[in-house]
Amino acid sequence: MKKTILFLLLACFSGAQINAQVIKIPNTQKKWAWLDFERPIGINPLLAPNAESTFYCPMQESTVKWESADTFNPAATVINGQIVVLYRAEDDATKGLGMRTSRIGYASSNDGIHFQRHGAPVMFPGKDAQAEAENSGGCEDPRVCMTEDGTYVMMYTQWNRKCARLGVATSRDLVNWTKHGSPFHKAYGGKFENMFSKSASIVTKIDKQGRQVIAKINGKYWMYWGEQYVNVATSEDLINWTPEVDENGEIKKTILPRPGYFDSMLTECGPPAIMTKDGIILFYNGKNDALYGDKAYTANTYCAGQILFDKKNPYKVLDRLDAPFYKPEADFEKSGQYPAGTVFIEGLVPFKGKWYLYYGCADSFVAVAVRNHN
């Protein structure tokens, strides 16, 4: 007992020392960063659970209220002149965290603010080749982006209640999806196929037509991925990806949590990364550690950060925000499944001269913030 108390005292002291020693540079001095996102007044949350919405589940062989518990963690893209949000929905509020089934729903908007739901999930666990990886936890946390020829690529989490792993799927219409399984199936003989892996952000650019499309750098596609850390992976076909490894052949941890900062517990990739004149901006979600985090923020809260990579060498980190550019403020961002506070960013798209940032609120709702210029 005495040893336990001593350890806790040392941990608290160390945490205090970390916060005392850290010298943080204000975000406003980071001229490359995108800081001016604002919540539209009286609009959020955009999407909330709907107990009237039903769907025949092929795995359960019964009709379920597929979005009755939670609607959150949205991807976003543009098709046919509309913004489409693909959001994660959970089906049974009586079950505990991680024990519900997730499916991905579809909602569209002409203005980026007011949405109409499709009425049925477009991605869900079914009797297909991915059943073992997705039943019965489901399909979670999508990120979506588009190729120059109009093919949509979704990176999402497959959850079978044993292992959470990345999955990749493609579509031409955002409704009918072809699942391809793990993006790491072929790399290094499948060594990393079934490792715990989440949250992938493919690098995009703005083309001459003003569309956000997947970029090629040095002849390859690039992706940042991870939750406990951020790794870099490359691909030639957007289906099969090769992670960067270290000298021991293990996953290289390019970005790690920082003691004393808002991202001291997790650094989880957000929406597709974007090439700018200054470099590649990776938007990510940071979780604040209870002992070793930034005392300016609530323990276990999720806030949003940004990292700048070299656009000619996407492995190279140029800069990183010391404070979040977006944090929980509204009541609905500090309730639900994560009362510590959560803004979890997954969708970011240009539309009619503005940028729309879509995020999950406390694992319960979908909301938006707007940047009023390109």
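Select W225 first. In this predicted model, W225 is buried, at 1% relative accessibility.

Now zoom out to the aromatic pairs. Ring centres within 6.5 Å make a pair, and the count comes to 19 aromatic pairs.

Go to F115 and Y358. The two ring centres lie 5.8 Å apart and the planes meet at 85°; the pair is therefore edge-to-face, since that class takes angles over 60 degrees. Check the surface next. F115 is buried, with a relative accessible area of 19%. Y358 is buried too, at 0%.

Return to W225 and Y229, this time for the rings. Their centres are 6.3 Å apart and their planes stand at 65°, so W225 and Y229 are edge-to-face.

Next, select W34, F37, F283, F325, Y326, W355 and Y359 together. These residues form one aromatic cluster. The charged end of R371 sits over the ring of W34, 4.3 Å from the ring centre.

Last stop: R258 and Y261. Which ring does the charged end of R258 sit over? That of Y261, with the charged end 4.1 Å from the ring centre.

Methods:
Residues numbered from 1 in each chain as written. Predicted model: local features only at pLDDT ≥ 70, side-chain atom pairs only at ≥ 80, totals over all residues. Heavy atoms only, no water. Phe/Tyr/Trp six-rings, centres within 6.5 Å; stacked < 30°, edge-to-face > 60°. Buried < 20%, exposed > 50% of the residue type's maximum accessible area, 1.4 Å probe, protein only. Lys NZ or Arg CZ within 6 Å of the ring centre and 35° of its normal.
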